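What follows is a walk through one protein chain, from its overall form to a handful of individual residues. Please keep the sequence and the model in view while reading.

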Amino acid sequence: MSEFLSIMPTQLPDLLPRKTMEDPVVYDDYAQLTFHPSKQLTIAEVADQLEEQANLTLLYHRVVSEGLRGWQCCCAFSKPNNGRMYKFNATAGDDGIVDTITVCVFESIEVMRGTLRLELQMHHKAGGMRYEMGEAELIKLFY
């Protein structure tokens, strides 16, 4: 977690401002960090920053309500071959602006893989996917 906090907030200052970070929640295999972005950004803008500035891979982008705006979420993660094990989840409210970014910093690649796979399956079943990585493609990244 300390490595993440020393690197990522400087790479993504608008998304991960340290002053808005809630107290970390530490579990056996990962730590969960919650941030509130300092700029008003749409889910598409956040996904772009995660991919371009942090070199993360988009797992999915889901729209819960149809229409011009509505609750949306996306998930991106670090590829396991880069030595970092992070999962980012961003959520946007009805106004279309991202208000929360939750980051999981994993201790185990197996736990990360299982978490990503389960999350992809749950969101796929719920529907409303604008983009989703195929499960086979996800699994290939870990082997």
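## Overall form

For a chain of 143 residues, a compact globule would have a radius of gyration near 15 Å, and the value of 14 Å found here agrees with that. The model is a predicted one. Along the principal axes, its C-alpha trace spans about 40 × 40 × 25 Å. Of the 143 residues, 45% count as buried.

Four helices and seven strands make up the secondary structure. In sequence order the pattern reads α-β-β-α-β-β-β-β-α-β-α. Among contacts between residues at least 6 apart in sequence, 54% join residues at least 24 apart. As for charge, the chain carries 13 positive and 20 negative side chains, and the centres of these two sets lie 3 Å apart.

## Cysteines

How many disulfides does the structure hold? The count is zero. A disulfide is a covalent bond between the sulfur atoms of two cysteines. The cut-off used for such a pair is 2.5 Å between sulfur atoms. For Cys-74, the closest cysteine sulfur belongs to Cys-73 and lies 7.4 Å away, so the gap is too far for a bond. Cys-104 is likewise in no disulfide; the cysteine sulfur nearest to it, that of Cys-75, is 8.6 Å away.

Buried or exposed: where do these cysteines fall? Cys-74 counts as buried because its relative accessible area is 1%. Cys-104 is also buried, at 6% relative accessibility. Cys-75 has a relative accessible area of 0% and is therefore buried as well.

Cys-75 sits in strand β4, which covers residues 72-77. Leaving out residues up to four places away in sequence, Cys-75 touches Thr-57, Leu-58, Leu-59, Tyr-60, Lys-87, Phe-88, Asn-89, Leu-116 and Glu-119. Cys-75 and Arg-130 are 55 residues apart in sequence, and their C-alpha atoms are 12 Å apart in space.

## A buried phenylalanine

Phe-106 belongs to strand β6, residues 98-106. Its relative accessibility is 5%, so Phe-106 counts as buried. Which residues is Phe-106 in contact with, once neighbours within four places in sequence are set aside? They are Asp-29, Tyr-30, Met-85, Lys-87, Val-111, Met-112 and Thr-115. Lys-87 is also among the residues that Cys-75 touches. Between Phe-106 and Gln-32 there are 74 residues of sequence separation, yet the C-alpha to C-alpha distance is 8.8 Å.

Glu-45 lies in helix α2, residues 43-52. With a relative accessibility of 37%, Glu-45 counts as partly exposed, a class that runs between the 20% and 50% cut-offs. Glu-45 and Val-25 are 20 residues apart in sequence, while their C-alpha atoms are 27 Å apart.

Asn-55 is found in the loop between α2 and β3, the latter spanning 57-63. Its relative accessible area is 59%, and Asn-55 is therefore exposed. The backbone at Asn-55 deserves a look: phi is near 55°, a positive value in a residue other than glycine. Most residues other than glycine have a negative phi.

Methods. Residues are numbered from 1 along each chain as its sequence is written. This is a predicted model: local features need pLDDT of at least 70, side-chain atom pairs count only at pLDDT 80 or more; totals for chains, interfaces and linings use all residues. Side-chain values use heavy atoms; hydrogens and water are left out. Helices (H or I, at least four residues) and strands (E, at least two) are DSSP runs, numbered from the N terminus. The radius of gyration is taken over C-alpha atoms; the globule rule is 2.2 Å times the number of residues to the power 0.38. Buried means under 20% relative accessible area, exposed over 50%, partly exposed in between (1.4 Å probe, protein chains only). Contact means heavy atoms within 4.5 Å. Lys and Arg count as positive and Asp and Glu as negative; His and the chain ends are not counted. The place of a charge is taken as NZ of Lys, CZ of Arg, CG of Asp or CD of Glu.
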